[in-house]
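Please keep the sequence and the 3D view at hand.

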Amino acid sequence: MAPVTSLASTVDQRIADALSAALPEAGSADPLLRRSDRADYQANGILALAKKLKGNPRELATQVVSALTAPGLIEEVEVSGPGFLNITVADRAIIETLAARAADDRLGVPFAEETGTTVVDYAQPNVAKEMHVGHLRSAVIGAAMVEILEFTGERVVRRHHIGDWGTQFGMLIQYLIEHPHELDHNTPARDEAVDIDGETAMSNLNRLYKASRALFDSDEEFKARSRDRVVDLQAGDKETLALWQRFVDESKIYFYSVFDQLDMEIRDPDIVGESGYNDMLEETCRILEESGVAVRSEGALCVFFDDVKGPDGNQVPLIVKKTNGGYGYAATDLSAIRDRVGNLDATSLLYVVDARQSLHFKMVFETARRAGWLNDEVKAVQLAFGTVLGKDGKPFKTREGETVRLVDLLGEAVERATAVVREKSEKIGLSEDEIVTNGKQVGIGAVKYADLSTSAARDYKFDLDQMVSLNGDTSVYIQYAHARIRSILRKAGDTSPLAHPELSLAPAERALGLHVDQFGEVLAEVASSYEPHKLAAYLYQLSSLFTTFYDQCHVLSDDNPRELVENRLLLCDITARTLKQGLALLGIKAPERL
């Protein structure tokens with residue numbers, strides 16, 4: 001089906017046409033239409049226009065109303081205040097628009113055929129290190145933006161820039177050479193290979209890391225051998241690379257287990273870590289130096305910026321290549337930009353990265369612009385996110401002051417949510433399997449929603465008690481609204497949702513219908529501004545409007561004529577489908593029964 005034009009867009013166009021007809025000297029003027037508490041919509045554009053034309057705004061507004069022709073669409077237009085237009089849409093128009101949306105699998109949301117390619121860099125854990133609460137936001141926000149961009153028609157390439165290179169691997173590899181069975185996946189007798197889960201993989205890596213670190217700090221000879229091993233790794237020594245690959249593979253087993261717990265799909269071809277750009281580093285440096293973008297300073301290859309200075313007033317450079325010949329993070333990030341623009345045909349680069357790295361990326365992006373890799377046709381944006389805080393408003397730690405392990409946090413969320421689901425399950429007779437499944441969907445959904453419902457740039461408090469609450473701005477509240485609607489539709493039996501445009505709508509029906517109609521516009525805004533919290537806010541408000549509708553408009557009452565029941569079932573059905581689709585784009589499941 002063709003996309004459905006929203007009522008707001010249609011009204012906006014009709015008002016614009018009336019403006020042109022009544023005031024041709026104004027040219028093409030924006031009606032400045034918005035939702036209003038005084039009517040369905042309010043148009044404020046005539047005020048600015050009156051100033052430009054040196055006319056009386058109320059008189060001009062009256063002329064526009066006289067030129068307005070919108071039979072079947074607009075029920076009433078009132079000139080208000082100094083020259084506002086308060087516009088009420090016809091009940092028939094609301095139901096006909098919702099019926100068109102209901103007939104489309106995509107709910108009438110446009111799918112842009114000719115868009116660019118966005119590379120989204122998100123979910124970037126480090127090899128041989130445990131994932132903690134700090135890894136949550138990049139994964140959750142990035143996955144949501146991928147889904148939203150793809151749903152609106154953008155071609156998306158996922159990239160997980162894992163930390164898989166660096167001097168620490170010299171220590172780890174050298175220890176493994178001297179203790180060759182530390183990563184074996186065998187029985188105690190070491191005679192039969194077995195499958196390994198993520199927790200076991202991480203336990204092996206943690207044990208090896210701690211042992212190698214202790215030896216590195218206490219044994220100067222081992223330290224020297226480890227540093228030599230770094231040289232071998234960077235030189236491409238086959239034995240050293242093979243052992244390095246074992247660490248990467250072991251870490252991936254762990255990564256996949258955590259992302260699976262988060263109900264996120266991470267595909268192996270999308271994992272291109274720091275090592276993936278090693279072959280480009282020297283050429284990147286050469287191009288920057290030959291073009292004059294980077295210069296030598298005290299032996300290092302640097303890029304300087306007029307507006308980046310240290311406390312002493314001196315410019316702080318972006319170091320691309322160190323004095324000792326080693327490459328900094330900047331060289332890797334700049335090489336990644338070259339690859340993504342040159343080989344992946346990216347028109348947009350979206351980096352879902354901690355706000356504390358904002359200066360680094362500002363310098364990297366500016367360097368790439370100077371080199372010509374970014375320009376008017378290719379943009380790079382950092383979707384910067386804040387910190388996860390504890391209830392006390394301080395960075396989230398365990399009672400012992402340690403960083404919270406991500407698997408522990410997710411496990412506790414599922415445990416709490418399962419308890420809430422179990423408590424409510426007796427009323428609707430959920431089986432044990434349903435309780436467990438719903439507990440996972442509610443718990444993981446609660447963690448994701450708490451993150452996504454906050455503007456990414458802001459810090460937020462991690463409060464599980466609030467997250468799994470049925471009250472307030474939580475995913476559980478939205479999931480419960482969806483499950484309630486699904487229950488109504490099941491109870492309706494043979495009576496199906498069906499549009500009856502001839503019926504008058506109650507205020508709660510109008511409010512719900514008009515909000516459902518905004519879904520496509522909200523998604524378009526979220527996709528262009530990279531602000532998934534606006535979709536979360538939309539879904540919460542939709543759930544709240546449904547609750548009001550449910551309280552004020554009985555759906556399956558025996559006193560209702562069949563036409564009224566069918567019309568209200570249409571409102572229920574389109575609301576449930578919108579909630580389910582919206583939650584899915586945020587990476588959250590919507591249980592049928594809850």
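Contact here means heavy atoms within 4.5 Å. This is a predicted model, in which local features need pLDDT of at least 70 and side-chain atom pairs count only at pLDDT 80 or more, while totals for chains, interfaces and linings use all residues. Residues are numbered from 1 along each chain as its sequence is written, and side-chain values use heavy atoms, with hydrogens and water left out. Helices (H or I, at least four residues) and strands (E, at least two) are DSSP runs, numbered from the N terminus.

**Overall build**

- The protein chain holds 20 helices and 13 strands.
- Its C-alpha trace spans about 90 × 65 × 45 Å along the principal axes.
- Buried means under 20% relative accessible area, exposed over 50%, and partly exposed in between (1.4 Å probe, protein chains only).
- By that cut-off, 51% of the 594 residues of the protein chain count as buried.
- The protein chain exposes about 27,600 Å², and carbon and sulfur atoms supply 48% of that area. Accessible areas come from the Shrake-Rupley method with a 1.4 Å probe; for residues, only the protein chains shown count as cover.
- Taking contacts in the protein chain between residues at least 6 apart in sequence, 73% join residues at least 24 apart.

**Helix α2**

- Helix α2 covers residues 45–53, and its buried residues are Gly45, Ile46, Leu49 and Ala50.
- Seen down the axis of α2, these buried residues fall within an arc of 130 degrees, so they line one face of the helix. The arc is that of the directions from the helix axis to the C-beta atoms.
- The buried residues of α2 pack against α1 (7–22), β2 (41–43), α3 (57–67) and β4 (84–89).
- On the face of α2 turned away from the buried side are the exposed residues Ala48 and Lys51.
- Lys54 follows α2 and has a positive phi, near 55 degrees.

**Cavities**

- Rolling a probe the size of a water molecule over the atoms shows where empty space is left.
- On a 1 Å grid over the protein atoms alone, a cavity is a set of points where a 1.4 Å probe fits but cannot get out, and a pocket is an open set with protein on both sides within 12 Å along at least five of seven lines; lining residues have an atom within 4 Å of a point.
- Grid points are joined across faces, edges and corners, and a volume is the space filled by probe spheres set on the points.
- Two cavities of 30 Å³ or more turn up in a search of the whole structure.
- The largest cavity holds about 50 Å³ of space. Its lining consists of Val420, Val421, Lys424, Val442, Leu470, Val476, Tyr480 and Leu594.
- The elements that give two or more residues to the lining of the largest cavity are α13 and α16, and α13 gives the most, with three residues.
- For residue classes, Ala, Val, Leu, Ile, Met, Phe, Trp, Tyr, Cys and Pro count as nonpolar, Asp, Glu, Lys and Arg as charged, and the others, Gly among them, as polar.
- The lining of the largest cavity has seven nonpolar, no polar and one charged residues.
- The second largest cavity holds about 30 Å³. Ala123, Pro125, His160, Ile162, Phe255, Phe259, Ile266 and Ile271 line this cavity, giving seven nonpolar, one polar and no charged residues.

**Second largest pocket**

- The second largest pocket contains about 600 Å³ of space.
- Its lining has 23 residues, and Tyr480, Arg484, Ser487, Lys491 and Tyr550 lie nearest its centre.
- α13 (406–428), α16 (475–491) and α19 (533–552) are the elements that give two or more residues to this lining. The most comes from α16, with nine residues.
- By class, the pocket lining divides into 13 nonpolar, four polar and six charged residues.

**Loop residues**

- Most residues other than glycine have a negative phi.
- Ala128, in the loop between β5 (117–121) and α5 (136–151), has a positive phi near 70 degrees. Ala128 counts as buried at 5% relative accessibility.
- Asp345, in the loop between α11 (329–342) and β10 (348–354), has a positive phi of about 55 degrees. Asp345 is exposed, with a relative accessible area of 54%.
- Asp270 lies in the loop between α9 (238–261) and α10 (281–290) and is buried, with a relative accessible area of 9%. Apart from neighbours within four places in sequence, Asp270 is in contact with Arg158, Arg159 and His160.
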